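Please look over the sequence and the structure first.

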Amino acid sequence: MNLTLRDVRYRLGRFLLTALGLGLLLTTVMAMGGVYRGLVVEALSLVRMSGADLWVVQKDTNGPFAEISRLPDDLYRTVRSVPGVKDAGPVLFQALQLRVGPTPIRVQLVGYRIGSLGGPAAVVAGRPITQSRYEMLIGREARVALGTRIRVGRIVFRVVGLTERIVSSSGDPVAFVSLLDAQEIQFLKANEAVRNDRARLDSQLHSQPALTAIDADTLGPVVQNPHLANAVLVTLQPGADPIRVRQHIERWQYYRALTAAQQEDLLSRSVVERGRQQTLVMRVILLLVTIVIIALIVYTLTLEKTRDIATLKVLGAADRTIAGIILQEALGLGLLGFALGAALISRTYQYFPRRVVVVAFDQYVLLAIVVAICIAGGLLGVWKALRVDPTLALGGGA
């Protein structure tokens, strides 16, 4: 007598609903693992998209993704002359909220020299930026059509191309413009702001005639310097030692140079570390809940089959046989739930608002955990089954 097959045959609806409930719970566990993987991929997408071997940033800073970093935009010419450097290009980063019609769109703006480092590797629709002013590439995630005109400050951009799967560390789509446009947006003040600064400076000078020129500059400088960048991206010649090139730049140029691996590590620790820890805690909680649910389900099913188990004992079934039957039912529920969960997540992960990356290795690990959970949960049913009095099969016992 196989009690598992009997349950499936005579209680098919309840068995499938139970497996579906477990499947939904395991789908949540898989989704949380995929969300963590997606957070890492999104956080590193800009760094990996650039293809840079080194990031030159302001001295004593950790780069534009961690803190403010400003350096002259023509520094790339000096960096190009360093032995082992193949190419270098300045880039500028800024978070903006654009408005396309009535809908606000949060984007990460990236400014780069046309034809140099910092731009997207590929354009999935439209064409790349070819003019030095007033053209924009934007991610498909922003849902902006080609040819759309977007006003940013005093500039009106025309969307000439679309990119894909390039987002900021917070999941916002990335918009690419020329370095000149990005510098104007970030560093040049509007005419009204300049006029207000001049009026403020004039009032300070009239109220305190003894102010020196340095004091006046401190109070409210009007001169603007837009020729800045947040970092200079560097690619190396084949065979060049990145450590030696980095040391040369830091020693003679007085800037900090980070390798791509250092930049990725910094982003991982500063952007997704807490998210990883929180996701891990939630996954552990869900797995503990799964253990409890499977244990209660198997225990309840064992109580319903008390007389059947007693009959098996009367017929001489060994305790090992009875325990195998209970564990078989627990494993059947768990494996069916896992199969349903895997099928569900594989068909729904692309509809999540943030990227979900489902990795086969994670699924295999979760499958091993589910098997262990089913065995642990089934032990409670085994404990109850081994305590069944065989006289129940004859109508006696309590």
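Which residue just after H2 takes a positive phi? In this predicted model, that residue is Gly-51, with a phi of about 70°.

**Helix H2**
- H2 runs over residues 12-50, which makes 39 residues.
- From its first C-alpha to its last, H2 reaches 55 Å, close to the 57 Å expected at 1.5 Å a residue.
- A bend of about 45° occurs in H2 at Leu-44.

**Helix H11**
- H11 covers residues 360-386, and its 27 residues should span 39 Å at 1.5 Å a residue; the end C-alpha atoms are 38 Å apart, which agrees.
- Centred on Leu-379, H11 has a kink of about 25°.
- Buried residues of H11 include Leu-366, Val-370, Ile-373, Cys-374, Gly-377 and Gly-381.
- The partners against which the buried residues of H11 pack are H2, H8 (260-304), H9 (306-314) and H10 (319-348).

**Nonpolar cores**
- The largest nonpolar core has 32 residues, and within this core Leu-333 and Leu-366 touch the most other members.
- Two or more residues of this core come from each of H2, H8, H9, H10 and H11.
- The most are given by H2, with 9 residues.
- Leaving aside residues up to four places away in sequence, Leu-366 touches Leu-26, Val-29, Met-30, Leu-287 and Phe-338.
- Another core, of 24 residues, lies apart from the largest one, and its members include Ile-105, Ile-150, Ile-155 and Leu-228.

Terms used:
Residues are numbered from 1 along each chain as its sequence is written. This is a predicted model: local features need pLDDT of at least 70, side-chain atom pairs count only at pLDDT 80 or more; totals for chains, interfaces and linings use all residues. Side-chain values use heavy atoms; hydrogens and water are left out. Helices (H or I, at least four residues) and strands (E, at least two) are DSSP runs, numbered from the N terminus. The expected span of a helix is 1.5 Å times one less than its number of residues. The bend at a residue is the angle between axes fitted to the seven residues ending there and the seven starting there. Buried means under 20% relative accessible area, exposed over 50%, partly exposed in between (1.4 Å probe, protein chains only). Contact means heavy atoms within 4.5 Å. A nonpolar core is a set of buried Ala, Val, Leu, Ile, Met, Phe, Trp, Tyr and Cys residues joined through side-chain atoms within 4.5 Å.
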